[in-house]
Amino acid sequence: MLDISVVIPLYNEDESLPELYAWIERVMKEHGFTFEVIFINDGSTDHSWDVIEELNRKSPDQVKGIKFRRNYGKSPALYCGFAEAQGDVVITMDADLQDSPDEIPELYKMIKEQGYDLVSGYKQKRHDPLSKTLPTKLFNATARRVSGIKNLHDFNCGLKAYRRDVVKNIEVFGEMHRFIPYLAKNAGFDKIGEKVVHHQKRQYGKSKFMGWNRFVNGYLDLMTLWFLGTFGKKPMHVFGFLGTIMFFIGFVAAFWLGAQKLWAVSQGIPMRLVTDSPFFYIALTMMMLGTQLFLTGFLGDLISRSSQGRNDYQIEKTI
């Protein structure tokens with residue numbers, strides 16, 4: 001087995017790739033690591049794939065490439081890279097030269113010697129515009145709160161190190177690459193650490209990501225991940241509970257209006273029709289919504305029980 005697999009998703013980064021690979025190769029040889037570099041070309045429209053093919057011709061044992069027909073996104077690129085990785089430790093980094101390969105030996109040491117399952121980089125001093133750094137700070141604060149991983153300051157840092165078991169037992173989909181530490185925690189890999197890493201200025205091109213857009217999408221993905229992690233296998237617990245509460249409140253309100261009307265009739269007291277009261281329609285609406293929520297939970301439970309991943313419990317060992 002190789003010591004290290006370096007997984008690099010990229011989109012239109014042909015200028016930086018030769019320099020990046022030369023840097024990685026130098027670091028690996030200096031420390032005596034056996035390694036592979038897996039480039040995932042995410043539908044680039046420049047000459048990135050030509051550069052990857054040239055690197056492969058020069059270093060066929062170290063350079064691998066995956067080429068997407070179109071741009072799918074970073075999460076699918078990482079998913080395919082993780083599937084191909086053979087190294088004992090898997091390192092991910094961006095292709096824009098803002099992540100330093102000089103960090104690799106220390107990240108490797110933290111996984112192998114200090115026993116971490118995952119180590120995330122922390123770009124404490126960033127060379128990005130305010131439009132990118134401010135949404136990042138807000139996003140990370142929210143992610144820490146929801147995930148319960150209090151020691152991470154930069155969930156979305158591209159420079160991370162993983163024990164091989166981690167990348168083989170998590171599924172990165174949609175835009176969930178921002179929450180890989182949370183995915184790892186949900187899969188039972190809770191030894192998650194952080195390392196302050198050097199953040200360099202971009203040398204070529206411009207950033208492919210807009211700060212505020214990433215923050216909004218990240219927030220929505222975080223809510224999805226929290227719900228799936230908490231109620232994904234038991235949707236009835238949330239929908240059924242909310243539906244029961246709403247139905248009960250609506251039923252009690254309707255019963256009270258009806259009882260009040262019957263009492264007034266029995267006492268000969270004139271009283272307007274129940275249907276003239278706005279509270280009757282509020283109560284009726286709550287009963288209908290409660291019934292719909294309950295049925296949503298029931299159907300969700302049926303779907304969950306019949307899904308292929310219903311018994312996916314991430315077994316670590318068998319004897």
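User: Is Phe 248 buried or exposed in this model?

Analyst: This is a predicted model, and to read such a feature we take the relative accessible area of a residue and compare it with a cut-off, since exposed means over 50% and buried means under 20%. Phe 248 has a relative accessible area of 53%, so Phe 248 is exposed, and this residue is found in helix 9, which covers residues 236–266.

User: Which residues make the nonpolar surface patch of about 890 Å²?

Analyst: Phe 248 is one of them, and the patch is also made by Phe 241, Leu 242, Ile 245, Phe 247, Ile 249, Phe 251, Val 252 and Phe 255.

User: Is Leu 118 buried or exposed?

Analyst: The reading works in the same way, with buried meaning under 20%. Leu 118 has a relative accessible area of 0%, and therefore counts as buried; this residue is found in strand 5, residues 118–122. The C-alpha atom of Leu 118 is separated by 6.3 Å from that of Gly 193, although these two residues are 75 residues apart along the chain.

User: How many cavities of 30 Å³ or more does the structure hold?

Analyst: There are two cavities of that kind, and about 80 Å³ of space lies in the largest cavity. Helix 3 (74–84) and strand 6 (160–163) are the elements that give two or more residues to the lining of the largest cavity, and the lining residues include Lys 74, Leu 78, Lys 160 and Tyr 162.

User: What classes of residue does the lining of the largest cavity have?

Analyst: Sorted by class, this lining has six nonpolar residues, four polar residues and two charged residues.

Note on methods. Residues numbered from 1 in each chain as written. Predicted model: local features only at pLDDT ≥ 70, side-chain atom pairs only at ≥ 80, totals over all residues. Heavy atoms only, no water. 1 Å grid on protein atoms, 1.4 Å probe; cavity = no way out; pocket = protein on both sides within 12 Å on 5 of 7 lines; lining within 4 Å. Points joined across faces, edges and corners; volume = space filled by probe spheres on them. Helix = DSSP H or I, 4+ residues; strand = E, 2+ residues; numbered from the N terminus. Nonpolar A, V, L, I, M, F, W, Y, C, P; charged D, E, K, R; others polar. Patch = residues over 30% accessible without salt bridge, like charges linked within 9 Å, V, L, I, M, F, W, Y side chains within 5 Å. Areas by Shrake-Rupley, 256 points an atom, 1.4 Å probe, with all protein chains shown as cover. Salt bridge = Lys/Arg side-chain N within 4 Å of Asp/Glu carboxyl O. Buried < 20%, exposed > 50% of the residue type's maximum accessible area, 1.4 Å probe, protein only.
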